[in-house]
Amino acid sequence: MKMKFFTRCKLVLLLSWLLAIPAWAQTQAISGRVSGSDGGGLPGATILEQGTTNGVSTNSDGAFTFSVKPNATLVISSVGYITQTIPVGSRATFNVTLTASATELAEAVVVGYGTQTKQDLTGSIATVGSKEINNVPVLTFEQAIQGKAAGVFIESGGGKLGQATKVRVRGTTSVSGDNQPLYVVDGIPVINDDLSGNGAPTNPLTDLNPNDIENISILKDASASAIYGSRASNGVILITTKRGKSGATHFELGYQTGVSDPTRNRKFLNATDYVALVRESANNTDDILGIPRTDPNGYTAYAESKLQSLSGGNDDYKTGLVNTDWQKELQQRRAATNQYSLSASGGDEKTRFYLAGNYIKQNGIIRNNNFERINTRINIDHKATTKLVLGLNLNLSRTLNNRIDNDNSFGTAYQAVALSPITPVIDPRTGLASGAFNPATGLPNTTFPLYYNPLLSLDNVRNATTVYRTLGNVYAAYDLAKGLTFRSELGIDLLFQTEDYKAGLLTARNTGFTVNGSGYNTTARNTRFTTNNYFTYRPTLGEKNSLEVVAGTAYEERRLDANSVSGQQFPSDAYRLINAAAVISGGSSSSSRSALLSYFGRANYAFDNKYLLTLSGRVDGSSRFSNRYGFFPAASVGWLLTEENFLKNQKILSTLKPRVSIGQTGNQQGFPDNAYTAQYSAGAYGGIATQRPASIANDNLKWETTTQTDAGIDFGFLDGRISGEVDVYQKKTKGLVLNTNLPGITGFTTYFQNVGDMENKGLEFLLTTRNALGAFTWTTSFNAATNINKVTNLGGQVINGGYINRAVEGQPIGVFYAQEFAGADPMNGDALYWKNRTITDGSTVTTVIDHSTGTTNDYNTAARVVLGNPNPRWTGGVTNTLGYKGIELNFTFQGVFGNSIYNGAGQYESVGFGNGLDNQTTDQLDRWQKPGDITNVPQARLFLGNGISNSSRFLSHGDYVRLKTTTLSYTFPTSLLGPAHISNARLFLTGVNLLTFTKYNGADPEVNADYIAGNIGQGNDFYSAPQLRTYTLGVILGF
Amino acid sequence: MKKIIHVVALGSALLVVPMAGCNSRLDIQPVNTAPADKALNTSADVQSLLRAGYAVVGSVDLYGGRLQYTADLLGDPAGPSGELFWQGTYSQPNEIYNKRITTTNTFVAGTWTQAYQAINIANTVLANLSKVSAVQQAQVEGGARFIRGAMYFELARFYGRDWNDGSPSTNLAVPILLTPTNVQDPSGVLGDAAKLPRNTVADVYAQAISDLTAAESKLKASAPSSPTSSDVATTYTASGMLSRVYLQQQRYDLAAVEADKVISSGIFRLTTPIADEFNSKINTNEDIFDVQITVQAGVNDLNTFYSTNGRGGDISVQQPLLDMFDPADDRLNLFNQDNGVLTTKFDQVYGNIHEMRLSEMYLTRAEGNFRANTTVGGLPVDDINIVRARVNLPPLAATDLTVPIILQERHLELAFEGFYLHDLKRNKLPVGTLPYNSPRLILPIPQREIDVNANLVQNAGY
């Protein structure tokens, strides 16, 4: 085998010799670099010897080398630039700067394994530049681009720092797998697995510093993304980091400081209303059950004694003396954010570098929730010979996230809202936090306040997640022959995470009364290495034809190893680590591995700069499936109408490019590594080992396949003053890898198989207008997208998630499905539900809303119906940039429309004490009180559960419009700076989430309860923390 | 053009050849689990599988707590006149307590799926008995049949109408499946074989009796000489479970006979004082069957919901129950005043659940003999007095003994241990205002099961 390989290698060398020698014999060698007006190299520019087909294309750096006959003339052209003609004469080196003809179109867009100019694109790609991403006071770049890319829906689940962000590119394609896009940083797919141990996912992309990002390309249609094959169905996000430019070394120092507050709060009863409504609800319960209100065993008496107990054993509740706003107590107001950064970039003809260091510490809106990141980046490019370029991209980071429990824990801060407003923060009997100490037992209080007081967790739990991340790659690009470059990349992504959790003695009511402190320590090592080897070939085919071919292979292997140990029984809170635990309560280790072997290619062909064709494809082999290999092809065409003669002589239309693409992509992410094999798993019973069947074999399991068609048009008017894109698409996903429900009698509940289809179709619209040019500049960029998701086939199954979410045929994924609430019975205050109608057609049973069937107070006899959709119907944003003499104002409004939000906590906090003494939302004051009352709030009945069941009662509209980011900046004129040896200086004020317009009756409409979030469980609120509203003041100095 | 061909040839050579060896790198075996073909080959393998059956039976969805508290919450009239008071925030038990169970109640679904998981494990053990060494075969078979029999019995009485409610031979219980799921071939779980309709109450009871009788006899050879092996089924556990089945069927003579087998073995002894029985984290001399809970494995869900050491007392005890105790009754020491009055029977967070105790056997033998007019193993009054003596109560005279008195003693002795609903039903006693045969006292067939198996008929009232 080895022998054979070497033989072939010799053959290759011989071939390149044969190709090269004839050229040397007869001609004059020239070299040079073609750059755009910003000094950056232009890849793919064509240099032709006039009147011949002898020519060459520039490499990724804009450089070229080739040979011409003596006294030749060079024709240098690139799509979107004005062509230049230069006589060669005796010169050997040419540095040519091309002037853009229509600015937008000349922009180089990063695509899979290469770059292309915007004008050449036939696929649908959204791009976001560094300006939109850098210096926004958020922890990850996704938050910075919310509302800025059409068809890319970004939602962070809540206001706890560093938590997972949901990103959906053109909708949801998978029910059981991953729906996040593939993230590729500088050509290398990166780790994006959540490793959180506390039930609330984290976001590994926080390890990247948004300030290092030069640009982002979001590959949306199959033509753009199919080159990433079996991982491209959810779109691909290509992140390119900053690189040095040759010239004097430029230093840049940045500092930003600011504060954060919660965007909005939910409103709860104050002490007086609480006491009044508790009493009323207890009276009602006694009346209904026929118990005299004076009965010492009745509810009225119970409520009164309970109120006294909740008040701290005194009568303060009768006068409203104590009125605790628990929301305020748990929050951290004006939480500080500070960010420091320093970068140096520059280089010479041979070597260019970008070095940057960054430190950010952000405090959350919840006490003791904070996030800290230290990060460095080293990007180096070195030209070893005229043919060989080497380079390095390296990101080193450490993040420390001091976290809060997941939304479902009594220890999570926002569950404090369930506590009674009559309960004092400090128990007057002990002088300590309520619940901290019970003088009667000498132990943490077990019955006071109403629940465990989460403020005790804020002060006595340490949940520190530390991540060390090394993400980097080295590359070498070699010009093998004229127009032919070979590039090899080796990327490594190492993520080491430790979680250090310790709950102190005072948390006993939440962690166990006999536990005496508990803790766990986890370590996870998530590693991935990737090799990409590919050729880029740009033959010179004359002035009318241009062709670029990319072909290569990739191999990728990931491995995750994790260990954990947990312990109990600590001598005191002075001890933090498990080494002090007297009882080791658990320990585990796990390891998982997967690999992907791929062949990929793409050809871009343009004829006469008018007719564009792109073909691409990838063959992927995945270890995750029994049916391993798949082919994912795509094709697209575009027509630059404005290059046609019949449109040349007019001034109105500057660009018109219709384009069409079709292709297939796959999804293999998010499934267990060995879902297709029959496995047994081990356990223990009474200290003796057990094993049981865990999974059933599937010899046919393969990836999900999405066929996407896209038709779009790029347009520009008035020399680009108005430009935009419209795209319409359809994504049909077949063979979902579904964790299907099995009849429980088999001993199994789920089974992975390729069952089911899903569909997304949508429309995207992008419009940029330059409203004012000159001293005063004003640009508006508007985008809007609609995506309609439909589960078209699940093999007849219904899969539940969230509280009332489900995946069911004929509906969008995750629809809210439950009984329809019909308000309070005006006669007696009973919670009513619409009966609605069930239609049985053979074996399929569907339900429809039909109010003619009337209402019932028997929840079980009301049919469950589709109540709403957690997926927004429309998303979009408007960004305005206004500038005048160094002052710039940039603000983005982001909008989400047509979705609903379900409050899972509604059954506890909005039910008139029907489920206990949890403090209630203020809407309960509208409760039914006497016959004839027309209201949506049923009678308050202590513990009787009047209307507590899941229904549309707890569903609200989730539409919102928000002033997402605002930056007001001043760039100092150079004349002022010169004497101070400062080359540039900018002062800026930035705000995030400054204004929110919504009808949502909860806290923040951008919400996705962390512990229950999934593909189906979405659009839920459950004591979730609201988003952060942040203001910062920043300065950037360059010298 | 020739150049292009060269380039393509060169490209293919450089790219394809070195990658050819990578294909084998896609063969990745999992290491966190064991491939099924390597898991079940030896005698020890089958025994580990059987032990998983016990772990499932002891999970929170079954004897780890839910079967017990579901019977007691459902058997309570609820409200101030009830004996228990649900004050927790979990909506699933709240629905059960208020007899307004939704078909999507996840606790109800969990009990169903876990019981069948135990049954599937038992079926798998039984199908692999040939791999078990000869000396252990009977014991392994007996264990598997105990698990299966106990689970069918519990499923029948929770998801079907009571034995004495109408006609057991037409009332529906749950599907009976006696063959294991083949993990190497998915056709079994995907086809119609997995979509069985519900069998009748009579069928399922017959299956339970057949399994438990077989277990009783298979386990005889390995009958323990001391009570400490109550972590797994012994012949006495099978007898005890059979006595429950017969009692539910009002076959009092047989119930007495089965209970007597346990008592007359002479190896079990009542723990005195009774508080020691419940303070014991480990199996006691009184125990015939214990669910094993350790710090590392298993959860005591009775502790979770009843105890001050669990969730702080989601279920508290109300005066009507406390009033039933004689002031001298030692069992009054099994309460504390915390979040209301709580039982201390389950205060050991990591304590085993004493699932079947000797005192139940005395009470069953007493009731069985009394109602069948037999004296298997002893006089009913003597059995009752043994139970009373342990808790410091004076003996009753034989002439004072009545069925209600026996049932009352049973209620107080076995309170919170999962008997009340079933005792009410078999005696046709109402739960508050609901008659014993109210559909609201029967669990719904879980919606998830009906969604995947159209042959399942939902219970009345849901």
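**Figure 1. Strand β36 of chain A is largely enclosed by the rest of the structure in this predicted model.** β36(A) pairs with strand β37 (residues 750–754) of chain A in the antiparallel sense, over 5 bridges. One pair can be picked out by name: N739(A) has F752(A) in β37(A) as its bridge partner.

**Figure 2. An open sheet of 4 strands in chain A has the order β3-β2-β5-β6.** The pairing in this sheet is antiparallel. Its edge strands are β3 (55–57) and β6 (84–87) of chain A, each of which pairs on one side only. From one strand to the next, the twist averages 20 degrees. Strand β2 (residues 46–49) of chain A is joined to β3(A) by 3 bridges, and the two run antiparallel. Within this pair, V56(A) in β3(A) is the bridge partner of I47(A).

**Figure 3. An open sheet of 3 strands in chain A has mixed pairing.** The order of the strands is β4-β1-β7. At the edges stand β4 (63–68) and β7 (93–97) of chain A; each has a single partner strand, so one side of each is left without a neighbour in the sheet. Direction ignored, neighbouring strands are turned by 25 degrees against each other on average. Strand β1 (residues 28–35) of chain A and β7(A) run parallel and are joined by 5 bridges. S35(A) has its bridge partner in β7(A), namely T97(A).

**Figure 4. Helix α6 of chain A spans residues 271–289.** From its first C-alpha to its last, this helix of 19 residues reaches 27 Å, close to the 27 Å expected at 1.5 Å a residue. Buried residues in α6(A) include A271(A), Y274(A), V275(A), L277(A) and V278(A). Further along α6(A), E280(A), S281(A), A282(A), N284(A), T285(A) and D286(A) are buried too. Among the elements that cover the buried residues of α6(A) are α7 (299–310) and α8 (316–319) of chain A. Just after the helix, G290(A) takes a positive phi of about 70 degrees.

**Figure 5. Chain B touches chain A through 79 of its residues.** These are in contact with 82 residues of chain A. On the side of chain B that touches chain A, the elements giving two or more residues are α1 (2–19), β1 (34–35), α2 (36–39), α3 (43–57), α5 (91–97), α6 (106–127) and α19 (447–452) of chain B. α1(B) gives the most, with 12 residues. By class, the residues on this side of chain B are 40 nonpolar, 29 polar and 10 charged.

**Figure 6. A strand of chain A pairs with a strand of chain B.** Strand β32 (residues 679–685) of chain A and β1(B) pair in the antiparallel sense over 2 bridges. Y680(A) stands opposite A34(B), which lies in β1(B).

**Figure 7. Helices α11 and α15 of chain B pack against each other.** α11(B) takes in residues 252–264 and α15(B) residues 358–372. Their axes are 8 Å apart, and the packing angle is about 145 degrees. The crossing of α11(B) past α15(B) is left-handed. The contact is made on the α11(B) side by residues including Y252(B), A255(B), A256(B), A259(B) and I263(B), and on the α15(B) side by residues including M361(B), Y362(B), R365(B), G368(B) and A372(B). Counted by class, the contact has 9 nonpolar, 3 polar and 5 charged residues.

**Figure 8. Helix α7 of chain B is largely enclosed by the rest of the structure.** Of its 26 residues, 21 are buried. The end C-alpha atoms of α7(B) are 38 Å apart, which agrees with the 38 Å that its 26 residues should span at 1.5 Å a residue.

**Figure 9. D185(B) lies in the loop between α7 (134–159) and α8 (187–190) of chain B.** Is this residue buried, exposed or partly exposed? D185(B) has 13 C-beta neighbours inside 10 Å, and therefore counts as partly exposed.

Conventions: Residues numbered from 1 in each chain as written. Chains lettered and ligands numbered in written order. Predicted model: local features only at pLDDT ≥ 70, side-chain atom pairs only at ≥ 80, totals over all residues. Axes fitted to C-alpha atoms, helices over the stretch in contact; angles between N-to-C directions. Left-handed = near helix turned anticlockwise from the far one by under 90°. Contact = placed C-beta atoms within 7 Å. Nonpolar A, V, L, I, M, F, W, Y, C, P; charged D, E, K, R; others polar. Pairing = 2+ DSSP bridges. Expected span 1.5 Å × (residues − 1). Buried ≥ 20, exposed ≤ 12 C-beta atoms within 10 Å, placed from the backbone.
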